[in-house]
Amino acid sequence: MISSVRGTVASIGLDHAVVEVGGVGFAVQATPHTLATLRRGDEAALATALVVREDSLTLFGFADTEARDLFWLLQTVSGIGPRLALATLAVLEPAQLRAALADSNISVLTQVPGIGRKGAERLSIELRDKVGALAGTGDAPVAPAAGQVRGSVVEALVGLGFPVKQAEQTVDTVLAADATADTAAVLRKSLATLGRKR
């Protein structure tokens, strides 16, 4: 079981990053929030989950252990595989997901593509008593500086295919409205703004 990786970020793709550890490049599947915190050439430390299938070994990476624990927990529900679990964490932050499960908030859970009303109800019924045990187990993230947030989000947007100038202008607008927003929040707001322009 590979529970974490620490190494140099060799490349960042739309849905994964390659982290080089001791001369070996690990392809790590991750959410846009997590990818936005990485910079090519910088050192990264990710909590990871290795999913073993008959024909594949897939490594999933997370910013903290809380998100990884939720990733595993989601898969204990019938019909939820690793891809759908990762998609859930891409749409809902760990705190939002825990709250939605604990409160049986079906409308929040059905925001995830691939989860309908019945699936959301099943998730809530099976996990609402289990999510409380995970609360507060994650490592407290260190708030990055605004300049670091800007650089990370611009790089993530460019990686997703947006022009550099448009990405920079959008991120600057978002940060001007809320200079204390973290990387994930700035990325979400930037994507929402750019989505409206397309």
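## Basis of the model

Because the model is predicted, local features need pLDDT of at least 70 and side-chain atom pairs count only at pLDDT 80 or more, while totals for chains, interfaces and linings use all residues. Residues are numbered from 1 along each chain as its sequence is written, and side-chain values use heavy atoms, with hydrogens and water left out.

## The second largest pocket

The second largest pocket has a volume of about 170 Å³. Of the 15 residues lining this pocket, Ile-12, Gly-13, Glu-155, Ala-156 and Gly-159 are the closest to its centre. A pocket is an open set of points on a 1 Å grid over the protein atoms alone, where a 1.4 Å probe fits and protein lies on both sides within 12 Å along at least five of seven lines; lining residues have an atom within 4 Å of a point. The volume is the space filled by probe spheres set on the points, which are joined across faces, edges and corners.

Helix 1 (32-36) and helix 8 (146-159) each supply at least two residues of the lining; helices are DSSP runs (H or I, at least four residues), numbered from the N terminus. Helix 8 gives the most, with five residues. By class, the lining holds 10 nonpolar, three polar and two charged residues. Here Ala, Val, Leu, Ile, Met, Phe, Trp, Tyr, Cys and Pro count as nonpolar, Asp, Glu, Lys and Arg as charged, and the others, Gly among them, as polar.

## Helix 2 against helix 3

The axes of helix 2 (residues 65-74) and helix 3 (residues 82-91) come within 9 Å and cross at roughly 135 degrees. Helix 2 is therefore oblique to helix 3.

## Helix 2 against helix 4

Helix 2 and helix 4 (residues 94-102) have axes that come within 10 Å and cross at roughly 40 degrees, so the two are oblique to each other. Glu-66, Ala-67, Leu-70 and Leu-74 of helix 2 meet Pro-94, Leu-97 and Arg-98 of helix 4. This contact has five nonpolar, no polar and two charged residues.

Methods
Axes fitted to C-alpha atoms, helices over the stretch in contact; angles between N-to-C directions. Parallel < 35°, antiparallel > 145°, perpendicular 65-115°, else oblique. Contact = heavy atoms within 4.5 Å.
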